[in-house]
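The following exercises are to be worked with the sequence and the model at hand. Each task is followed by a solution in steps.

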Amino acid sequence: MATVEELRFGVEGQGEVSALLLRPEKARCLLVLAHGAGAGMSHPFMAKLAEELADVGMATLRYQFPYMEERRRVPDAPAVLTATVRAAVQAAAQAAPGLPLLAGGKSMGGRMTSQAAAESPLDKVRGLVFFGFPLHPPGRPGTKRADHLAKVTVPMLFLQGTRDTFADLKLLRPVCAKLGSRATLHVIETADHSFHVLKSSGRNDAEVLRELAETVVSWADGVEGMKARPVQSPTGAAPAKKSHHN
């Protein structure tokens, strides 16, 4: 059983944004999870992914970027997005002290997390996780968006589908190879950018979500300092406005 807590935290110059802390009873670590450009933290993919991660012992802090909080369509400037990532990491550390931290996100959320980490290390974050790293816009192959990854000092996990139009694997594989031991690439056959798979694969979306969660936990176990002893969720450990059970 996992508890869901509704939180809010401030972003410098941007007011407050909402967040959801989903914490299994014996959490092993916590993933600070950012949403993609077109959908917020409550999108079905984000919610189901968080549930799958909880099932395998990983807590998550999902959060909104300011533009999504304000129901604007156009994403904030990169500086605002990276500032939000930093604020979310700080909020996660305060809400779940003692849990090792990872950070990352879906598409743009993952890229903004890596941008923040490239500017300066994210406090206490021991690895980054990308659910569909957006290497380039669809139909415009290139690798410029990956240039900053060379400045990231922690391990990185790339979870990518073979039909992802935002990341040609012929371009992403060399990027990961150049990053050396810091990068791990996990490829999901026939999955697109939203991790939907073809019926011909013999699999369904639920099975893919489980694979994503299990892959993240397995990878995290190999990241230095992430093999934490399960921590019981303490009563009132986070400044929650609401709490219920999933």
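**Exercise 1. Determine in which sense β4 and β5 pair, and over how many bridges.**

Step 1. β4 and β5 run parallel to each other and are joined by six bridges; strands count as paired if DSSP finds at least two bridges between them. Strands (E, at least two residues) and helices (H or I, at least four) are DSSP runs, numbered from the N terminus. Within this pairing, L30 lies opposite A59 of β5.

Step 2. Strand β2 (residues 15-24) is antiparallel to β5, with four bridges between them. R62 of β5 is the bridge partner of L20.

Step 3. Together with helix α1 (residues 44-55), β4 and β5 form a right-handed β-α-β unit. Right-handed means that, with the strands pointing away from the viewer, the path from the first strand over the helix to the second runs clockwise.

The model is predicted: local features need pLDDT of at least 70 and side-chain atom pairs pLDDT 80 or more, whereas totals for chains, interfaces and linings use all residues. Residues are numbered from 1 along each chain as its sequence is written, and side-chain values use heavy atoms, without hydrogens and water.

**Exercise 2. Explain why β5 is described as largely enclosed by the rest of the structure.**

Step 1. Buried means under 20% relative accessible area, exposed over 50%, and partly exposed in between (1.4 Å probe, protein chains only).

Step 2. One side of β5 carries M58, T60 and R62, the other A59, L61 and Y63, and all of these are buried.

Step 3. Six of the six residues of β5 are therefore buried, so the strand is largely enclosed.

**Exercise 3. State how many residues of α4 are buried and which elements they pack against.**

Step 1. Helix α4 covers residues 108-119. Ten of its twelve residues are buried, among them M108, R111 and A118.

Step 2. These buried residues pack against β4, β5, α2 (66-69), α3 (78-95), β6 (101-106) and β7 (125-131); contact means heavy atoms within 4.5 Å.

**Exercise 4. Classify the aromatic pair of F45 and F195.**

Step 1. Rings of Phe, Tyr and Trp (its six-membered ring) pair if their centres lie within 6.5 Å; planes under 30 degrees apart are stacked, over 60 edge-to-face, and the rest tilted.

Step 2. The structure holds six aromatic pairs. F45 and F195 are stacked, at 5.8 Å centre to centre and 10° between the planes.

Step 3. F45 belongs to helix α1 and F195 to the loop between β9 (183-188) and α6 (205-221), 150 residues apart. Both F45 and F195 are buried.

Technical notes
The expected span of a helix is 1.5 Å times one less than its number of residues.
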